[in-house]
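The tour goes from the whole chain to single residue pairs.

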Amino acid sequence: LSLKLFVAGYTDTVGGSASNQALSDRRARAIAAWYRKAGVKVPIYYRGFGEEVLVEETPDNTPSAANRRALYVLSSQQPTGTQFPGGGWRRL
């Protein structure tokens, strides 16, 4: 069994969609890099989902700490489900 670490970044709806996508990508990559620097040896993948997957549904431009988050999954397979739609994972 070959484990991998998947780091997903998310944002709230404040700002434009493209800006939030870029922010969530940076968030996920920064956390993935922290794990690598801390000594995690398994392959690490990251992906930002922007405002695509909200925990708390809000109108546009509504700040929400619940939606500004990151999730970490240690698995032998790419995560699936409502929190992780589609592919697009990048290896650190």
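Here are the stops, in order.

**Before selecting.** The model is predicted: local features need pLDDT of at least 70, side-chain atom pairs count only at pLDDT 80 or more, and totals for chains, interfaces and linings use all residues. Numbering starts from 1 along each chain as its sequence is written, and side-chain values use heavy atoms, with hydrogens and water left out.

**Select the whole chain.** Colour by secondary structure. The chain holds one helix and four strands, arranged along the sequence as β-α-β-β-β. The radius of gyration is 13 Å, close to the 12 Å of the globule rule for 92 residues, so the chain is as compact as a globular protein of that length. That radius is taken over C-alpha atoms, and the rule is 2.2 Å times the number of residues to the power 0.38. Helices (H or I, at least four residues) and strands (E, at least two) are DSSP runs, numbered from the N terminus. Along its principal axes the C-alpha trace spans about 40 × 25 × 20 Å.

**Switch to surface.** The accessible surface comes to about 5,300 Å², by the Shrake-Rupley method with a 1.4 Å probe. Carbon and sulfur atoms own 55% of that surface. Of the 92 residues, 36% count as buried, meaning under 20% relative accessible area (1.4 Å probe, protein chains only).

**Show contacts.** A contact means heavy atoms within 4.5 Å. Among contacts with a separation of 6 or more, 74% join residues 24 or more positions apart.

**Select the sheet.** What is the order of the four strands in the open sheet? The order is β3-β1-β2-β4, with mixed pairing. β3 (70-75) and β4 (90-91) stand at the edges with a single partner strand each, so one side of each has no neighbour in the sheet. Two strands pair if DSSP finds at least two bridges between them.

**Select 4-9 and 44-48.** These are β1 and β2, paired in the parallel sense over five bridges. Leucine 5 stands opposite isoleucine 44 in β2. Alanine 8 stands opposite arginine 47 in β2.

**Keep β2 and show side chains.** Is β2 mostly covered or uncovered? β2 is mostly covered, with five of its five residues buried. Ile44, Tyr46 and Gly48 point one way. Tyr45 and Arg47 point the other way.

Key: Buried < 20%, exposed > 50% of the residue type's maximum accessible area, 1.4 Å probe, protein only.
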